[in-house]
Amino acid sequence: MTTDITPNPSLVLASKSASRRAMLDAVGIAYRAVPADLDERALEDSLTGASPHAIALALADAKALAVSETVADMLVLGSDSLVVVDGRRFDKPASKADAADHLRFFSGKVMELHSAAALARDGQILWHHADCARLTVRPLGEEFIAWYLDREWPDVAGCVGVFRIEGLGVQLFTAIDGDHFTVLGMPLLPVLDALRDLGEL
């Protein structure tokens, strides 16, 4: 397990997500990153029939709890995102060909991106929150999909929607209805409020 340490961390981030780390870096929060050792797919399978909102919260909770059990007395931030299009939930693409299939399915449809965050300490959830953004995907032709993945793969392999909104991914959409940070993968403003309420900011 890799662990990245920022001087005098007040928080543990239970994630290896570059986007989530960039958000915390940008707002000046000291943290150390300890990715959660969690079988996310098994947890999702146990939640069959649950709403995307509930699944995102459960995944964020599970990540925060898994790491909080290994770092006594530390506040742990877990976060997760999932994508739903036409009632179908999508995981991160398993390959470049899988990513192309996802993009073909997304073409011309509305993508719901659910992002959740949870704070835990010593194996107890102290707070959690989930938000949803709706992104309208423009019609995507085969030539564009090939061009896009030639430039973005494998960087988008870890992205449930096969995009990084801060890069070429913005070209997938004609409209975005929702919070910018939710689209990036974590509802940052509510997280900051919760950290203040807990005396961490």
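Visitor: How many aromatic pairs does the structure hold?
Guide: The structure, a predicted model, holds 5 aromatic pairs. Rings of Phe, Tyr and Trp (its six-membered ring) pair if their centres lie within 6.5 Å; planes under 30 degrees apart count as stacked, over 60 as edge-to-face and the rest as tilted.

Visitor: What is the geometry of Phe90 and Phe105?
Guide: Their ring centres are 5.3 Å apart and the planes stand at 50°, so the pair is tilted. Phe90 belongs to strand β5 (residues 88–90) and Phe105 to helix α4 (residues 96–106), 15 residues apart. Helices (H or I, at least four residues) and strands (E, at least two) are DSSP runs, numbered from the N terminus.

Visitor: Which charged ends sit over the ring of Phe105?
Guide: That of Arg88 sits 4.9 Å from the ring centre, and that of Lys109 sits 4.5 Å from it. The criterion is NZ of Lys or CZ of Arg within 6 Å of the ring centre and within 35 degrees of the ring normal.

Visitor: Changing topic: how do β6 and β7 pair?
Guide: Strand β6 (residues 110–121) and strand β7 (residues 124–137) are antiparallel over 12 bridges. Two strands pair if DSSP finds at least two bridges between them. In their hairpin, with 2 residues between the strands, Asp122 takes a positive phi near 50°.

Visitor: What is Val137 bridged to?
Guide: Its bridge partner is Phe173, in β8. Strand β8 (residues 173–177) runs antiparallel to β7, with 4 bridges joining them.

Visitor: Which residues of α7 are buried?
Guide: In helix α7 (residues 188–197), Leu188, Val191, Leu192, Ala194 and Leu195 are buried. They fall within an arc of 160° seen down the axis, so they line one face of the helix; the arc is that of the directions from the helix axis to the C-beta atoms.

Visitor: What ground rules apply here?
Guide: Residues are numbered from 1 along each chain as its sequence is written, and side-chain values use heavy atoms, with hydrogens and water left out. In this predicted model, local features need pLDDT of at least 70 and side-chain atom pairs count only at pLDDT 80 or more, whereas totals for chains, interfaces and linings use all residues.

Key. Buried < 20%, exposed > 50% of the residue type's maximum accessible area, 1.4 Å probe, protein only.
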